Amino acid sequence: MNSSKPIALVTGGAGGMGLATVERLARDGFAVIMIDRDESLAKRETQRLVERGLDVQCRVIDLTDEDAVRGLVRSLPPVQALVNNAGIFDERKFLEVSNADFRRAYEVNLIAVATLTQEVAKTMPDGGRIVNIASRAYLGAKNHPHYVASKAAVVGYTRASAMELAPRGILVNAIAPGLIDTPILRALTPERLAAQLALQPTGKAGRPEDIAQAVSFLVSSQTDFITGQVLFVDGGKSLGGSGA
Ligand SMILES: NC(=O)c1ccc[n+]([C@@H]2O[C@H](COP(=O)([O-])OP(=O)(O)OC[C@H]3O[C@@H](n4cnc5c(N)ncnc54)[C@H](O)[C@@H]3O)[C@@H](O)[C@H]2O)c1
């Protein structure tokens with residue numbers, strides 16, 4: 001890792017939009033550390049990016065392991081940009097979702113975000129940037145109430161963090177992706193995927209690079225007056241129309 005470069009941490013960086021973000025931030029000039037629990041994928045993708053000349057490393061931990069998260073951050077130099085991207089998604093009917101389902105979703109999608117953010121913020125330089133990947137679904141969606149609630153909580157946590165860290169010039173924003181073509185969509189049956197696509201005003205899913213592009217903007221030094229906001233990158237799904 002080139003110590004003269006600013007460090008970016010990207011969680012869930014081995015898959016989907018996290019991987020696209022790792023590559024994009026490395027091309028933007030960051031020394032990027034991807035964090036993921038999938039060891040073989042993380043090592044393979046890191047190797048692939050390093051072979052392309054990019055400054056990328058990986059750390060394999062489960063983000064719900066609080067001691068591992070805090071220990072990892074303490075072993076690193078101060079982090080300039082943190083992207084809380086890792087998340088889990090599954091479908092449960094409203095009348096069947098269990099407390100365990102809610103706890104699992106909150107552990108990864110919210111509490112792990114809060115733990116990492118808190119630890120990173122202790123040493124983050126003034127002017128640092130934090131981007132949390134929420135979801136368009138936080139506005140409301142069927143068949144995953146635990147996920148919707150956890151992502152609404154991420155938006156709340158983003159706003160709280162933005163208030164807390166603004167005096168240090170640290171900007172905290174959320175991105176709310178719509179349907180993006182990544183492995184997480186394997187949780188949907190083909191019928192449910194088709195139903196989701198039918199709701200997209202643009203008629204198609206987004207690409208991981210669409211999210212990476214938005215992250216790149218929010219962590220850049222071009223922005224220093226945007227904080228506590230939610231940027232929808234969703235092909236217009238949040239517009240709420242029926243499309244008919
Ligand atoms: N794909 C979509 O349509 C979509 C839409 C809205 C929001 N999102 C959100 O975007 C983010 C990224 O989603 P994606 O589609 O790229 O997902 P993905 O499943 O392709 O990738 C997620 C990565 O996070 C890692 N991960 C999950 N839990 C972890 C944990 N506890 N510790 C460490 N690593 C962990 C996984 O190993 C995986 O590599 C998620 O927060 C997701 O909720 C996705």
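The shell around the ligand in this predicted model comprises 14 nonpolar, nine polar and four charged residues. In total, 27 residues surround the ligand, and the closest are Gly 12, Gly 15, Gly 16, Gly 87 and Thr 182. Helix α1, which spans residues 16-28, contributes the largest share of this shell, with three residues.

The protein chain contains seven helices and seven strands. Their order along the sequence is β-α-β-α-β-α-β-α-β-α-β-α-α-β. A domain feature named "Ketoreductase" is placed at residues 6-178 by an unreviewed UniProt entry.

The overall dimensions were examined next. The C-alpha atoms of the protein chain occupy a box of roughly 50 × 40 × 35 Å along the principal axes. The radius of gyration is 17 Å, which agrees with a compact globule, because a globule of 244 residues would have a value near 18 Å. Of the contacts in the protein chain with a separation of 6 or more, 74% join residues 24 or more positions apart.

Buried residues account for 43% of the 244 residues in the protein chain. Nonpolar side chains in soluble globular proteins tend to be buried together. The largest nonpolar core here consists of 64 residues, and those with the most contacts inside the core are Ala 8, Leu 9, Val 32, Met 34 and Ile 175. Helix α4 (residues 99-123) gives the most to this core, namely seven residues. For Met 34, one of the core residues with the most contacts, the partners beyond four places in sequence are Val 10, Gly 13, Ala 14, Gly 18, Val 22, Ala 42, Thr 46, Val 56 and Cys 58.

A further position considered was Arg 92, which lies in the loop between β4 (81-84) and α4. Arg 92 is classed as partly exposed because its C-beta atom has 16 C-beta neighbours inside 10 Å, whereas a buried residue would need 20 or more and an exposed one 12 or fewer. When neighbours within four places in sequence are set aside, Arg 92 is in contact with Val 97, Asp 101, His 144 and His 146. Val 56, a contact of Met 34, is 36 residues from Arg 92 along the chain, and the C-alpha atoms of Arg 92 and Val 56 are separated by 36 Å.

How values were computed: Residues are numbered from 1 along each chain as its sequence is written. This is a predicted model: local features need pLDDT of at least 70, side-chain atom pairs count only at pLDDT 80 or more; totals for chains, interfaces and linings use all residues. Helices (H or I, at least four residues) and strands (E, at least two) are DSSP runs, numbered from the N terminus. The radius of gyration is taken over C-alpha atoms; the globule rule is 2.2 Å times the number of residues to the power 0.38. Two residues are in contact if their C-beta atoms, placed from the backbone, lie within 7 Å. A residue is near a molecule or strand if its C-beta atom, placed from the backbone, lies within 6 Å of it. Ala, Val, Leu, Ile, Met, Phe, Trp, Tyr, Cys and Pro count as nonpolar, Asp, Glu, Lys and Arg as charged, and the others, Gly among them, as polar. UniProt positions are given in the numbering used here, feature names are shortened, and annotations may be inferred rather than shown by experiment. A nonpolar core is a set of buried Ala, Val, Leu, Ile, Met, Phe, Trp, Tyr and Cys residues joined through C-beta atoms within 7 Å.
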